[in-house]
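The sequence and the model come first.

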Amino acid sequence: QAYLRECEADLAELIDWAGKRAAPVHVRLVRGAYWDIETVIARREGWSSPVWESKAETDRSYERCLSLLFENHHAVRPAIASHNVRSLAVAMAQIETMRLRPEVYEFQMLYGMADGLQAAVVELGHPLRVYMPTGDIIPGMAYLVRRLLENSANSSFLHMAFAEKQPAEALLAPPRPEPAGIGRAPSRTETGFRHEPIRRFTAASERWALSEAIDRVRGELGQHQPLIIDNRPVDTETRLESRNPANPSELIGSTAAATEAEAEQAIAGAAAAQTQWQRWPATERAALLRRAADLLVERRERFVALEILEAGKPWREADADVAEAIDFLRYYAMQAEKLGAGVDLSMAGETNRYDYRPRGVAAIIPPWNFPLAILTGMTSAALAAGNAAIVKPSSETPIVAAWLVSLLHEAGLPAGVAQFLPGDGASLGDYLVRHPEMQIIAFTGSQAVGCTILERATQGIVERGYVKQVITEMGGKNAVIVDTTADLDEAVAGIVQSAFGYAGQKCSACSRVVAVGSIHDVLVKRLAEAADSLLAGAPEQPETFLGPVISAAAKVRLEKAIAEAQRQHTSTLVRELPAMNNGHYVGPAIFTGVAPDDALAQQELFGPVLTVLRAGDFDEAIRIANHSRYALTGGVYSRTPDHLEQARQELDVGNLYLNRRITGAVVGRQPFGGFRLSGSGHKAGGPDYLLQFVQARTVTENTMRRGFAPDPGTTEDPNPGYNSGRT
């Protein structure tokens, strides 16, 4: 595709490879059919544009690539696919100059388009292949319409020739050089927030940098991390070990394990630090978080490498997690400044100041599946709002948490404001939740633990004299509806990514598909084929899609659930993965013939298990999707506007995705969180998330004095020459 900036470099690699074969390969050169999609995705993701920004630049690229192909006709067989008369003429001139035989090249054109041009090519003695789409009518019509739009665009040769009636000299003139590609501004929301672009890993430099980081971090594994209490290292006799889920013999590191005694010290230190921290201006707290974000950008590859090794995340999943952590730091810094400015509600005769105060010490209890992003999001929200934080990391990924707390202190966080307190999950977490000094509990994890926290946080309210703020995000049993008008190419790709990305270990993962009517059988077949083709392996290998689950216990639990499902339901796919390095690998499983109220369709398994249910019509599909105790994410694939609108109105989820995957929410763009048993409705990465960490207050002052009343919002005397009696 000549509109790609990398086309010439790709062709050079292809020609080099083809030259080593005993037989040439055919190479079809086109301009490219998805310019709008390429540019929109690049703008959305904050990437530089992968395509040339103008048609003239694309035309020049096309002609350069033609020359490259013809010069290497011994290794490749050029196929010149174009309806552009100048491109055809340039190709014919080179063929004539090089005296190429007809059997080493061919022209290609679309059936039913520019028939006169096709006849002229044949009449001049050149081989022509006429191609046409085959298959289903709806995608075929979509293809035809797209090609018609391309060839009738204002910049197209046909439009310039027939609509604008430009002379032959202009039409056949070489494409004029233009300034370098304008490029596209990185993605920015209306608020001015700019998110950190994820890596594509298409550039060799990106792959090399991460590969080197993995080797470097691997060489540093096995170190011990003490508790951090008042910025002092505190060790304990008991230790927690973190191991690589893809290779359990590899020790990632160890941490001290806090007991109630150390927890009491940390809480007392945080409460003491809270007094000064809450007095920091919001602008200074925001500046500190931005410094932390800058440090994380500098060490991005190191954190990605650590996640790959400690959490078993493949390259793209780990990189996206670190990018999201950077976003949280910057986004909540911006939101903190807005809260710090308060709101002026004054009127004549009185000032009314609406502002926010920190609540107090926060317990941060994150999960292991987003070991940096969610941890950073909850911690930075507490800090941005002026609260001290007790960071109690997951026992599965404590080293990532230790690195983050160290980075925050390096950015300038005062002693005691963030305490690092790893320890036994149940007992230590329970102690923090019950403690009377703990004003905020921020938790992400299982529904069972989240509900227990909510219950225990309400105990002893009268005795302690305040209501604790509990922020929970607890999981989902998320459904994607696919109707008979859906684009199956998009649906299959989106469902597979949502269901099996990071081995299905996401609260937002798709675990139910509701297929409407006749689409069921073909959808199931294609899902099974796609899932069966996913590359499994060690997460540190860049091609790996399916890595391990987090632990041996998770592997046993999932294998037991899959075996039970096989006894009760039809298994379209149950793929077994080899235990590479004794890692905790579980292959994807897809089941059909499941009733909507069956346990397999209702209970969250947190693994690569997908259930496909059948619905007679779209109304029934909505009812099946809503038939759940959870309400986190959901999606619809459909080309029917009425169905999409019905989903907007009736699908009961916190995050609804239409014609795209249901995982991968971006900070500031898709604020994330659900309700029912999925959580308390707070939306992480959204404009109101920090409100959970503050208390609102209104201060009213009577500003009227005898003889005058200042303008609203001021205390200035409107008539300073008049003696108002003020002292």
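The model is predicted: local features need pLDDT of at least 70, side-chain atom pairs count only at pLDDT 80 or more, and totals for chains, interfaces and linings use all residues. Residues are numbered from 1 along each chain as its sequence is written, and side-chain values use heavy atoms, with hydrogens and water left out.

**Helix H13**

Helices (H or I, at least four residues) and strands (E, at least two) are DSSP runs, numbered from the N terminus. H13 has 27 residues and reaches 40 Å from its first C-alpha to its last, close to the 39 Å expected at 1.5 Å a residue; the expected span is 1.5 Å times one less than the number of residues. Of the 27 residues of H13, 20 are buried, so the helix is largely enclosed by the rest of the structure. Buried means under 20% relative accessible area, exposed over 50%, and partly exposed in between (1.4 Å probe, protein chains only). Just after H13, Gly342 takes a positive phi of about 65°.

Asp319 is found in H13 and counts as buried, at 2% relative accessibility. A polar atom of the Asp319 side chain lies 2.7 Å from the backbone nitrogen of Arg199. A polar contact is a pair of N or O atoms within 3.5 Å; within protein, one must be able to donate a hydrogen and the other to accept it, and residues adjacent in sequence count only if both atoms are side-chain atoms. Leaving aside neighbours within four places in sequence, Asp319 is in contact (heavy atoms within 4.5 Å) with Ile198, Arg199, Phe201, Arg300 and Val304.

**Salt bridges**

A salt bridge is a side-chain nitrogen of Lys or Arg within 4 Å of a carboxyl oxygen of Asp or Glu. By this rule the count comes to 34. Asp319 also belongs to a network of salt bridges that links Glu196, Asp294, Arg300, Asp319 and Arg330. Three further pairs are listed here.

| Pair | Closest N to O distance |
|---|---|
| Glu317 and Lys506 | 2.9 Å |
| Asp652 and Arg676 | 2.5 Å |

Glu317 forms a salt bridge with Lys506. Glu317 lies in H13 (residues 315-341) and Lys506 in the loop between H19 and E18, so the pair ties together parts that are 189 residues apart in sequence. Both Glu317 and Lys506 are buried.

Asp652 forms a salt bridge with Arg676. This pair links distant parts of the chain, 24 residues apart: Asp652 is in the loop between helix H24 (641-650) and strand E24 (655-658), and Arg676 is in strand E25 (residues 675-676). Asp652 is partly exposed, with a relative accessible area of 30%, and Arg676 is partly exposed at 34%.

H19 (residues 488-500) has 13 residues and reaches 17 Å from its first C-alpha to its last, close to the expected 18 Å. Its N-terminal end is capped by Asp487, with a side-chain oxygen 3.0 Å from the backbone nitrogen of Asp489. The buried residues of H19 include Leu488, Val492, Ile495 and Phe500. Among the elements that cover the buried residues of H19 are strand E17 (478-482), strand E18 (510-516) and helix H20 (519-532).

Just after H19, Tyr502 takes a positive phi of about 50°. Ala503, in the loop between H19 and E18, has a positive phi near 55° and is buried, with a relative accessible area of 1%.

**Other loops and the surface**

Asn581 also has a positive phi of about 55° although it is not a glycine. Asn581 lies in the loop between strand E19 (570-574) and E20 and counts as exposed at 53% relative accessibility.

Val51, in the loop between helix H2 (35-45) and helix H3 (55-71), is buried, with a relative accessible area of 0%. Not counting residues up to four places away in sequence, Val51 touches Tyr3, Leu4, Arg5, Trp35, Glu38 and Thr39.
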